[in-house]
Amino acid sequence: MSDTLGHSDTRITHDIYPSALPHVGKSAAEATAKLVPLQRKAEQEEQVRKAAKEAKCAAKAKGKGKKKGKAKKASKKG
């Protein structure tokens with residue numbers, strides 16, 4: 001890149017362009033992160049575990065609500 005721009009030293013290019021194009025750094029970081037599949041896989045597995053735990057808790061809470069409602073209806077009849 002430095003040669004294309006006519007810079008005599010790569011430090012010149014490095015000093016000028018990161019500040020002029022901050023989105024390039026973010027794009028480069030995201031592209032690099034995609035090259036690390038183990039970390040992404042671990043993050044995805046953690047998200048799946050959290051979602052499963054939340055679903056289990058929600059189902060349990062919903063089940064408790066139904067049991068209480070049935071108990072109330074039965075006591076009204078008797």
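Which helix of the chain has the lowest mean pLDDT, and which the highest? In this predicted model, local features need pLDDT of at least 70 and side-chain atom pairs count only at pLDDT 80 or more, while totals for chains, interfaces and linings use all residues. Residues are numbered from 1 along each chain as its sequence is written, and side-chain values use heavy atoms, leaving out hydrogens and water.

The lowest mean pLDDT among the elements, 74, belongs to helix H2 (residues 10-20), and the highest, 80, to helix H3 (residues 22-34). Here pLDDT is the predictor's confidence in each residue, on a scale from 0 to 100. Over the chain the average is 75, and 69% of the residues score at least 70. Where pLDDT is low, the predicted coordinates should not be read in detail.

The secondary structure consists of four helices and zero strands, giving the pattern α-α-α-α along the sequence. Both kinds of element are DSSP runs numbered from the N terminus, with helices (H or I) of at least four residues and strands (E) of at least two. Of the 78 residues in the chain, 4% are buried; buried means under 20% relative accessible area, exposed over 50%, and partly exposed in between (1.4 Å probe, protein chains only). The chain exposes about 7,300 Å², with 60% of that area supplied by carbon and sulfur atoms. Such areas come from the Shrake-Rupley method with a 1.4 Å probe, and for residues only the protein chains shown count as cover.

A search of the whole structure finds two salt bridges, each defined as a side-chain nitrogen of Lys or Arg within 4 Å of a carboxyl oxygen of Asp or Glu. One of them pairs Arg11 with Asp9, with the closest N and O atoms 2.7 Å apart. Asp9 sits in the loop between helix H1 (2-5) and H2. Arg11 counts as exposed because its relative accessibility is 58%, whereas Asp9, at 25%, counts as partly exposed.

The other salt bridge links Arg49 to Glu46, and here the closest N and O atoms are 2.8 Å apart. Both residues belong to helix H4 (residues 37-77); they are three residues apart, so about one helical turn separates them. Arg49 is partly exposed at 48% relative accessibility, and Glu46 is also partly exposed, with a relative accessible area of 34%.
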